[in-house]
Amino acid sequence: MGSHYLERFFNPDSVALIGASERSGGVGQQVMDNLLEGGYTGRILPVNPRHREVRGLPCVASVRDLEETPDLAVLAVPPRAIVSVLEDCGRRGVRAALVLAAGLGEPRSVTKRLERTAMRTARRYGIRVIGPDWVGLMRPPLGLNATYSRSTAKTGHLALVSQSGALTTAVLDWALARQIGFSAVVSLGDTTDVDFGDVLDFLALDHHTRSILLYVETIGDARRFLSGLRAAARIKPVIVMKVGRHRESYRAASTHTGSLVGQDDAFGAALDRAGAVRVPTIGQLFAAAELLAAGHRLNGDRIAVVTNGGGPGIIATDLLVDRGLEMAALSEDTRRHLAEGLPRRWSRGNPVDILGDADAERYRLALQACLDDPGVDGAVVVLTPQGRTDPTGTADAVLEVGAGRRRKPVVACWMGGRRIRAGRDRFTRKGFPNYATPENAVEALSALSRYRHSQELLMQVPDARDQWVEPDLARAREVIHAALEAGQNRLTPYQSKQVLDAFRIPVIPTRVARSASEARQAAEALGLPVAVKINSPEIVHKAAAGGVRLNLVALDAVERAYHSVMESVSRNHPDITPDGVSVEPMHSPLHGREVMLGVVRDPVFGPVISFGAGGSMVEMIHDRAVTLPPLNDFLARDVMSRTRVGRHLGLDRDTPLRRALEHALLRLSDLVTLLPEVRDLDINPVIVDADSALAVDARLNIATAAGVGRAHEHMAIMPYPGHLRWQERLGDGTPVLIRPIRPEDAAMEQAFVRSLSERSRYFRFMEHIRELSTSMLIRFTQIDYDRELALVALREDQETREMLAVARFVTNPDRQSCEFAIAVADNWQGRGVGSRLMERLLEAAREHGLQRMEGQVLAQNRGMLALMERLGFSRRRDPDDPALVRVERPL
């Protein structure tokens, strides 16, 4: 597969500056100065019809007059000239363009019209565009500064991608003062083509970049954003700062879930599933990035605090607990060892208070003992400058014990000013994490904890077929479509329960009664005592409307309740005609508790599933956690464990109740995955006891699904395509399983590549490699099924599982074509495996909505060229490389 489509932006050999100028104060002048003064190693090609020369370099009138086609065109021209300049670029063969500050001085309506026209022009010629309305792009390792900012950046290993030009310049100034360097700086602004997802996809494999920093204001395309974010976070740490966390509710809440779950909750859930870490401040953005880039990792949340002051130790303890970390319980051996070496008045527990007269040796002993304890995962060392304190010597002692412990990290907190400055400088010179306050020190460890947790969530690839309980999909769709045809945007409680029952979510038995006698008959059939509730899609809060009667223990009381409910609702809502009442048995187990399951449709990230405390007071209790579907058992347990009610019910242990709630959450995930018409859903309350969970009430809002498109278009995360599974037999009768690759196939994939002959590896990768690098292995096995697919052909028996071949496609930026690659084990070549696998790959690409498949084959790979010919691919020589043959076919 070819180089990344953003390669020309980040690693250009030549840059044409269109609008280059020497006029003081102009954008073209500032960009030209930045290109020259930044030490750009490529060729700078000024373009401006008003100049013959700019800053000593020859200048041409049009990009079409250049002697070479530039890799990158930077447009520093007035808004009304952009379309014609892009036209010239397209005719010259330019494929990458930066458009700077297009909106300056023009009404928004005019600039938007110009942007649309410009993008149509760019697409016609296949030009990728970053901009307009942005600061520009920096690539410090190349000396490339294609911005109109006066800020500069040192070379480093952090990449910054920001939606705010103003914040970008402020961050650069802040970082320069702290000697922090960058591998890339991209200020996306109001970009209409290349976006977060595209840039993240490139940075994921960029060897200059070790960590990625994102500043996010809004997300347009959730699928593209999460696709790029997940690809990057699998390989290197991604730290995100998101603003707008406390914006007022973004929608009129017609369900409890809608009032509890806001936009920021959905964004946080998306980041969790993407493997990224979120931080609230710029300082923490860099602190987390540096910690993670240096390889520091927490294997657990048990933290020890070593301090020479009781107050700071208590502060650190409170902060750790507030952040969801645990105070480590020191073992008997550790406490004994500490008691032997510390004064009698030491705290004899965690935090380890080694008293105000502690010297460097006392710190060394205490920290060493804590880190040697298998029950400790990390440590915070706090120092306050007291009478006999030696901040610099103590820093040396902490460095001696704590430096290099990447898997049991230590962070230092030297509190104070002048007296501790030399000690902090000692830490900084050694690259040791150190902070001025307990808040920042604890936040650093918290970021490591969140990173571990989000990486665990990222690795989850829910496969419905592993946990499948066949729903009655036809019955659920019949209920919803009938309601939509009747003009309903909300199901009645009875209809809602029918849908839940169709998805095998345990629901209390319910009957609809449209007269008092029918209510009596229903109660008699269900068994007393019963509840009678109004059955109407228009009434959201039934009790407030007078539409609920509970604990009816006599049949006559049921008839009276029917009349009472209908009269109350008629009086309170005279414009509504209810569909009778629902009659259901009372469900009041002796030790019952109420929880709630819900769904809300976020306008950006689609369905969001919530779990929390239930009942009529849910909005006051406000105990809930959220996640994005699809779910598996790990993700279901995770969302339950993050609530107070989950901890109260002991859902961290494997019990019948936890399994019952897991089942309900998994079925709810199936429901929102398979029914795009579902907008919001409350299942409240779900009454639980020691071993069961039963939905007592439900409220479901619906809307007509968007026009026919790709499967799961309404979801931000594409489910594992478990339906792409075929049992094949080769010509010699050998059984072969073909299915999509999964993360746990990594070891098998590596063994497959190692087993290939040197010739076969060269044919596949077009370079000499012996095995896949760690980043390649992650990229090949932890894939985003929305934009790519890898199918493996396996031979399995009771003792072994062998990978025979793997074929994959990756969707091109046009979203209509894809590029493929295939490799077949040497001893299975010529036996039909490649043909079967490619036929299934073509079938999957068609299902994906793609229209064309293309690829590159080495001209000497005659066997592969023959296979392509049999499969209907056309072939032509690559105009840029005679050793390659381009093959393609329509789908």
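This is a predicted model: local features need pLDDT of at least 70, side-chain atom pairs count only at pLDDT 80 or more; totals for chains, interfaces and linings use all residues.
Local features were considered at pLDDT of at least 70 and side-chain atom pairs only at pLDDT 80 or more, whereas totals for chains, interfaces and linings use all residues. Residues are numbered from 1 along each chain as its sequence is written, and side-chain values use heavy atoms, with hydrogens and water left out.

A search of the whole structure for disulfides (pairs of cysteine sulfur atoms within 2.5 Å) found 0. Cys-89 is in no disulfide, and the nearest cysteine sulfur, that of Cys-59, is 14 Å away. Cys-89 is buried, at 0% relative accessibility; here, buried means under 20% relative accessible area, exposed over 50% and partly exposed in between, with a 1.4 Å probe and protein chains only. For Cys-413, the closest cysteine sulfur is in Cys-370, at 16 Å, which is too far for a bond. Cys-413 also counts as buried, with a relative accessible area of 0%.

An open sheet is formed by 4 strands in the order S21-S24-S22-S23, with antiparallel pairing. Strands (E, at least two residues) and helices (H or I, at least four) are DSSP runs numbered from the N terminus, and two strands pair if DSSP finds at least two bridges between them. S21 (511-513) and S23 (548-552) are the edge strands; each has a single partner, so one side of each lacks a neighbour in the sheet. From one strand to the next, the twist averages 25°. S22 (residues 530-534) pairs with S23 in the antiparallel sense over 3 bridges, and Lys-533 stands opposite Val-548 in S23. Helix H20 (residues 555-572) packs on the sheet and touches S21, S22, S23 and S24 (581-585), contact being heavy atoms within 4.5 Å. The direction of H20 makes about 165° with that of S23, where axes are lines fitted to C-alpha atoms, for helices over the stretch in contact, and angles run from 0 to 180 degrees between N-to-C directions.

The whole structure contains 12 aromatic pairs, defined for rings of Phe, Tyr and Trp (its six-membered ring) with centres within 6.5 Å; planes under 30 degrees apart count as stacked, over 60 as edge-to-face and the rest as tilted. The ring centres of Phe-267 and Phe-605 are 6.1 Å apart and the planes stand at 65°, so this pair is edge-to-face. Phe-267 lies in helix H9 (residues 263-274) and Phe-605 in the loop between S25 (593-602) and S26 (606-613), 338 residues apart. Both residues are buried. Ring pairs link Phe-267 and Phe-605 with Phe-196 and Phe-225 into a cluster.
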